[in-house]
Amino acid sequence: LSHHCSLTISNSQAGKEEYAKVGYCADKIIVIRNGFDSNLYRAERTLGSGLRTEWGASADTIVIGQIGRIDPMKDHPTFLRAAAVLAKERENVRFVCVGGRGEESYRAELEALANELGLQNRLVWAGVQTNMPAVYNAFDISTTTSAFGEGVPNALGEAMCCEVPTVTTDVGDAAYLRGDEKWVVPIADVEGIVAKWR
């Protein structure tokens, strides 16, 4: 049906290319990327102080967070493996995963992996949060480790609006949004993520 439409809108160049590959009429697809409310998402560190306390993070603790529902596309295992590497090097680092619980069996797998990696006392599963500006402002570093399925990652753009340093995998239009290849790593590159965190 795309050939009969006047126009099809994609929120990412990556999405446009994927749809063209499966037969959508590429000439009729335009890209309008997601926008971000910079009045809502802004740098205001005091917004995050309550969450930092709740997460057991003191003023000198480095909080590294990941936003995303518990789903294979978000690639939590890569985040956890990178966390385990940095946790062995630095005592003052805490890791936080924010997002919906997802399927119980997959959630259980991730919790087992975190325990196997020795992250029991260094990792917070924060679940769904309703005040996202506070979450971003509680982070010292935000990380997107998605492996597939992203267009323009909202978590990346929102963190950037809050002026939180961000590291991302090269998924969807993340590299375009990040605007600086220095902070973009290949998908599933544990050592690459740790290097950027350092």
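Trainee: What makes strand 6 and strand 7 a pair in this model?

Mentor: The model is predicted. Two strands pair if there are at least two bridges between them, and strand 6 and strand 7 have three bridges, in the parallel sense. They therefore count as a pair.

Trainee: Which residues stand opposite each other there?

Mentor: Serine 142 stands opposite threonine 166 in strand 7. The bridge partner of threonine 144 is threonine 168, also in strand 7.

Trainee: How do you know that both faces of strand 7 are covered?

Mentor: Thr166 and Thr168 are buried on one side, and Val167 and Thr169 are buried on the other. Buried means under 20% relative accessible area, so the term applies to residues on each face of strand 7.

Trainee: Where does this pair sit in the sheet, and why are strand 5 and strand 8 said to stand at the edges?

Mentor: The sheet is open and has six strands in the order 5-4-3-6-7-8, with parallel pairing. Strand 5 and strand 8 (184-185) each have a single partner strand, so one side of each has no neighbour in the sheet.

Trainee: Tryptophan 125 is in strand 5. Why is tryptophan 125 called partly exposed?

Mentor: Its relative accessible area is 22%. Buried would need a value under 20%, and exposed a value over 50%. The 22% of tryptophan 125 lies in between, so the residue is partly exposed.

Trainee: What is tryptophan 125 in contact with, beyond its neighbours within four places in sequence?

Mentor: The partners are Ile70, His76, Leu80, Cys97, Arg107, Leu110, Glu111 and Ala114. For each of them, contact means heavy atoms within 4.5 Å.

Trainee: Which residues of the largest nonpolar core touch the most other members?

Mentor: Those are Ile64, Leu80, Phe95, Leu119 and Trp197, out of 25 residues. Helix 3 (76-89), strand 4 (93-98), helix 4 (104-116) and helix 8 (190-197) each supply at least two residues of this core. Helix 3 gives the most, with seven residues. Another core, of 20 residues, lies apart from it and has Ala57, Val96, Met132 and Ala155 among its members.

Trainee: What is phenylalanine 95 in contact with, leaving aside its neighbours within four places in sequence?

Mentor: Its partners are Ile64, Phe79, Ala83, Leu86, Ala87, Arg122, Leu123, Val124 and Trp197.

Trainee: Which residues of helix 6 are buried, and what do they pack against?

Mentor: In helix 6 (residues 154-161), the buried residues are Ala155, Leu156, Gly157, Glu158 and Ala159. They pack against strand 3 (62-67), helix 5 (132-138), strand 6 (141-144), strand 7 (166-169) and helix 7 (174-178). Just after helix 6, glutamate 163 takes a positive phi of about 60°.

Trainee: What lines the largest pocket?

Mentor: The pocket has a volume of about 230 Å³ and is lined by 20 residues, with Lys74, Glu150, Pro153, Asn154 and Ala155 nearest its centre. Strand 3, helix 5 and helix 6 are the elements that give two or more residues to this lining. The largest share, three residues, comes from helix 6.

Conventions:
Residues numbered from 1 in each chain as written. Predicted model: local features only at pLDDT ≥ 70, side-chain atom pairs only at ≥ 80, totals over all residues. Heavy atoms only, no water. Helix = DSSP H or I, 4+ residues; strand = E, 2+ residues; numbered from the N terminus. Buried < 20%, exposed > 50% of the residue type's maximum accessible area, 1.4 Å probe, protein only. 1 Å grid on protein atoms, 1.4 Å probe; cavity = no way out; pocket = protein on both sides within 12 Å on 5 of 7 lines; lining within 4 Å. Points joined across faces, edges and corners; volume = space filled by probe spheres on them. Core = buried A, V, L, I, M, F, W, Y, C linked by side-chain atoms within 4.5 Å.
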